[in-house]
Amino acid sequence: HQYRASGIVSGDFCTVRKLSETESGIFLCDVMGHGIRAALGTALICAMVEELSALESDPGIYLARMNRQLMPILRQGDMFLYATACYMVFDASCGSLRFANAGHPLPLWFKGEGRSARWLMDDAALRGPALAIDPDAEYPTLEKTLKPGETVILYTDGLYEAESPDGVELGEERLLALANRLGRRTLGELFNALIGAAGAHTAEKGFNDDVCLVGFRYHDPM
């Protein structure tokens, strides 16, 4: 993973947790806004991740439970906060990847030996709403089977919302094109190159939002 905060505190949070001898849970979220309020929302979610990871292994149900718990906390009085999130459970014994998405940017999937990049979700409409928007929101659990050598990367929107000096965002399609050119690099090199390219787009203006990436490359079945 890599993490670039745009200020002293951040609204981005990621964690990778061991669920069994072969399974890992990967969670990434981005709380709306900047500064102290976003950081407080992140702290609340961090505590929930600790609890929910031990109780629920289905990613869609996991996000639905988190959503219900966050609603009364983040929607008090005049306070309005929400968070986008993606949760994955990867089983290294067979390459099974189960995941659900709460309004979060589509993860990148570097597929096959050529490691051509595509969106992990075939249809962006399969994303559920962001957390703390709808108390009855449902989040479908999707599944892919990865082959050895394939890579998955999650990231927050600060990566593709990087702006040039004249206010033009890098954008998701340019991010995907960049990923296609870089897919055969090691994971560390790939992260550095994606962040470097987004930074170059800003012409040293710097990122105006937090940037967090977390991902993995599947080598061989355990």
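This is a predicted model: local features need pLDDT of at least 70, side-chain atom pairs count only at pLDDT 80 or more; totals for chains, interfaces and linings use all residues.

- Beyond its neighbours within four places in sequence, Gly158 is in contact with Phe207, Asp209, Asp210 and Val211.
- The C-alpha atoms of Gly158 and Phe207 lie 7.2 Å apart in space, although 49 residues separate the two in sequence.

**Strand β9**

- Five of the five residues of β9 are buried, so the strand is largely enclosed by the rest of the structure.
- In a regular strand, side chains alternate between the two faces of the sheet.
- In β9, Thr151, Ile153 and Tyr155 point one way, while Val152 and Leu154 point the other way, and all are buried.
- Strand β6 (residues 108–111) pairs with β9 in the antiparallel sense over three bridges.
- Within that pairing, Trp109 has Val152 of β9 as its bridge partner, and Leu108 has Ile153 of β9.
- Strand β10 (residues 211–217) also pairs with β9 in the antiparallel sense, here over five bridges.
- The partner of Val152 in β10 is Phe216.

**The sheet containing β9**

- The strands follow the order β1-β10-β9-β6-β7 in an open sheet of five strands with antiparallel pairing.
- At the edges are β1 (2–4) and β7 (116–119), each of which pairs on one side only.
- Neighbouring strands of this sheet are turned against each other by 20° on average, direction ignored.
- Helix α3 packs on the sheet and touches β6, β7 and β9; the direction of α3 makes about 150° with that of β7.
- Helix α4 (residues 187–201) likewise packs on the sheet, where it touches β1, β6, β9 and β10; its direction makes about 155° with that of β10.

- Antiparallel pairing over four bridges links β6 and β7.
- The bridge partner of Trp109 in β7 is Arg118; in β9, the partner of Trp109 is Val152.

**Ala132 in the loop between β7 and β8**

- Ala132 lies in the loop that runs between β7 and β8.
- Most residues other than glycine have a negative phi.
- Ala132 has a phi near 75°, a positive value in a residue other than glycine.
- Ala132 is buried, with a relative accessible area of 0%.

**The sheet containing β3 and β4**

- Another open sheet of five strands has the order β2-β3-β4-β5-β8, again with antiparallel pairing.
- The edge strands here are β2 (12–18) and β8 (142–145), and each pairs on one side only.
- From one strand to the next, the twist averages 15°.
- Strands β3 (residues 23–31) and β4 (residues 83–91) run antiparallel and are joined by nine bridges.
- Ala83 in β4 is the bridge partner of Val31.
- Helix α2 (residues 59–74) packs on this sheet, touching β3, β4 and β5 (96–102); the direction of α2 makes about 30° with that of β5.

**The largest pocket**

- The largest pocket holds about 200 Å³ of space.
- It is lined by 16 residues, of which Asp30, Tyr82, Thr84, Asp157 and Glu161 are the closest to its centre.
- By residue class, the lining comprises five nonpolar, five polar and six charged residues.

How values were computed:
Residues are numbered from 1 along each chain as its sequence is written. Side-chain values use heavy atoms; hydrogens and water are left out. Two strands pair if DSSP finds at least two bridges between them. Helices (H or I, at least four residues) and strands (E, at least two) are DSSP runs, numbered from the N terminus. Axes are lines fitted to C-alpha atoms, for helices over the stretch in contact, and angles run from 0 to 180 degrees between N-to-C directions. Contact means heavy atoms within 4.5 Å. On a 1 Å grid over the protein atoms alone, a cavity is a set of points where a 1.4 Å probe fits but cannot get out, and a pocket is an open set with protein on both sides within 12 Å along at least five of seven lines; lining residues have an atom within 4 Å of a point. Grid points are joined across faces, edges and corners, and a volume is the space filled by probe spheres set on the points. Ala, Val, Leu, Ile, Met, Phe, Trp, Tyr, Cys and Pro count as nonpolar, Asp, Glu, Lys and Arg as charged, and the others, Gly among them, as polar. Buried means under 20% relative accessible area, exposed over 50%, partly exposed in between (1.4 Å probe, protein chains only).
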